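Subject: Structure handover

Hello,

Here is the structure for your files. My notes on the ligand surroundings and on one helix follow below it.

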Amino acid sequence: MSEAAQTLEGWYALHDFRSIDWTAWRLADESERSRALDELQSFLQQWSTVEENKEGSTAVYSIVGQKADFMFMHLRETLEDLNAIETAFNKTSFASFTYPVHSYVSIVELSNYMAAPGSDPMQNPDIIARLKPTLPKASHICFYPMNKRRDGQDNWYMLSMDERKTMMRSHGMIGRSYAGKVKQIITGSVGFDNWEWGVTLFADDALQFKKLIYEMRFDEVSARFADFGDFYIGNFLNGEKFAELLAI
Ligand code: VOV
């Protein structure tokens with residue numbers, strides 16, 4: 001058996017994709033819409049307080065295209081916390097004007113492919129900050145799930161640790177050349193959801209997602225071993241922008 005990579009885990013993640021029932025929203029009277037909007041704003045406020053207290057983080061984005069209208073990405077200490085957030089949101093009057101279209105459950109993960117030997121990563125404040133990150137408030141988000149292939153000669157899980165390390169180093173070098181342009185949060189979802197990882201990217205220039213992902217397609221670890229699910233791309237929302245999106 002090949003040596004399994006060691007992983008470090010941080011906050012649990014829920015990517016929660018919703019669409020708006022525009023007909024119901026348009027037909028609602030002004031006071032109903034305003035109550036729903038107030039509830040939404042108070043949730044956004046609560047989530048930013050959690051973030052200020054370093055007890056989690058939430059990103060809110062509109063989604064371009066028909067797969068969803070908007071998404072919440074929540075990071076929290078436990079799965080119970082994530083469950084509580086989605087349930088509380090489902091009970092709001094704003095939620096009754098939305099319907100769930102997709103969700104993804106995972107946990108922030110770092111693997112030891114690039115770890116310095118002999119060091120205790122949990123004593124490293126940079127590692128802790130990566131495991132429990134404050135999500136960037138970048139202009140754009142890109143989310144997609146992926147697997148590492150297990151197919152004949154292209155079976156990632158049958159490769160030796162050294163072979164995988166070499167490929168991950170090359171992967172990391174490409175990623176690093178996008179420093180300052182694209183920020184990645186990799187979440188592991190083996191046993192939690194249908195794919196092995198969630199890839200969440202943040203950038204102020206959405207074109208950099210395309211450049212990075214395209215370049216990685218030529219890198220062996222992606223070219224030979226990666227399979228991808230649906231891609232979601234979106235624009236930053238805060239309370240003000242959300243109110244604009246919902247204005248009738
Ligand atoms: C934005 C840049 C960027 C950077 C700097 C970067 C670097 C790194 C490093 C150094 C490491 C290994 C250590 C760790 O941190 O875990 C990883 C790990 C990983 N990556 Fe990555 N990645 C990036 C970006 C990046 C992208 C765009 C993708 C999607 C691939 C594509 O083709 O669409 C990806 C995937 C992953 C995955 C699934 C893992 C876990 C693999 C496993 O088998 O465990 N990643 N990644």
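Helices (H or I, at least four residues) and strands (E, at least two) are DSSP runs, numbered from the N terminus, and the element names below follow that numbering. Please keep in mind that this is a predicted model.

Ligand shell

The largest share of the shell around the ligand comes from α5, which gives five residues. There are 24 residues around the ligand, and Ser111, Tyr144, Lys148, His171 and Ser222 come nearest.

- Ser222: an N or O atom in the side chain is 2.5 Å from an oxygen atom of the ligand.
- Tyr144: an N or O atom in the side chain is 2.6 Å from an oxygen atom of the ligand.
- Ser111: here a backbone N or O atom lies 2.8 Å from an oxygen atom of the ligand.

Two or more residues of the shell come from each of β4 (98–111), β5 (140–148), α5 (161–176), β8 (183–188), β9 (197–203) and α6 (207–217). Sorted by class, the shell holds 15 nonpolar, six polar and three charged residues.

Helix α8

Helix α8 spans residues 239–246, and Gly239, Phe242 and Leu246 are buried in it. Viewed down the axis of α8, the buried residues fall within an arc of 65°, so they line one face of the helix. Elements that cover these buried residues include β1 (7–20), α1 (22–27), α2 (30–52), β2 (56–63) and β3 (70–76). On the face of α8 turned away from the buried side are the exposed residues Glu240 and Glu244.

Regards

Note on methods: Residues are numbered from 1 along each chain as its sequence is written. This is a predicted model: local features need pLDDT of at least 70, side-chain atom pairs count only at pLDDT 80 or more; totals for chains, interfaces and linings use all residues. Side-chain values use heavy atoms; hydrogens and water are left out. A residue is near a molecule or strand if one of its heavy atoms lies within 4 Å of it. A polar contact is a pair of N or O atoms within 3.5 Å; within protein, one must be able to donate a hydrogen and the other to accept it, and residues adjacent in sequence count only if both atoms are side-chain atoms. Ala, Val, Leu, Ile, Met, Phe, Trp, Tyr, Cys and Pro count as nonpolar, Asp, Glu, Lys and Arg as charged, and the others, Gly among them, as polar. Buried means under 20% relative accessible area, exposed over 50%, partly exposed in between (1.4 Å probe, protein chains only). The arc is that of the directions from the helix axis to the C-beta atoms. Contact means heavy atoms within 4.5 Å.
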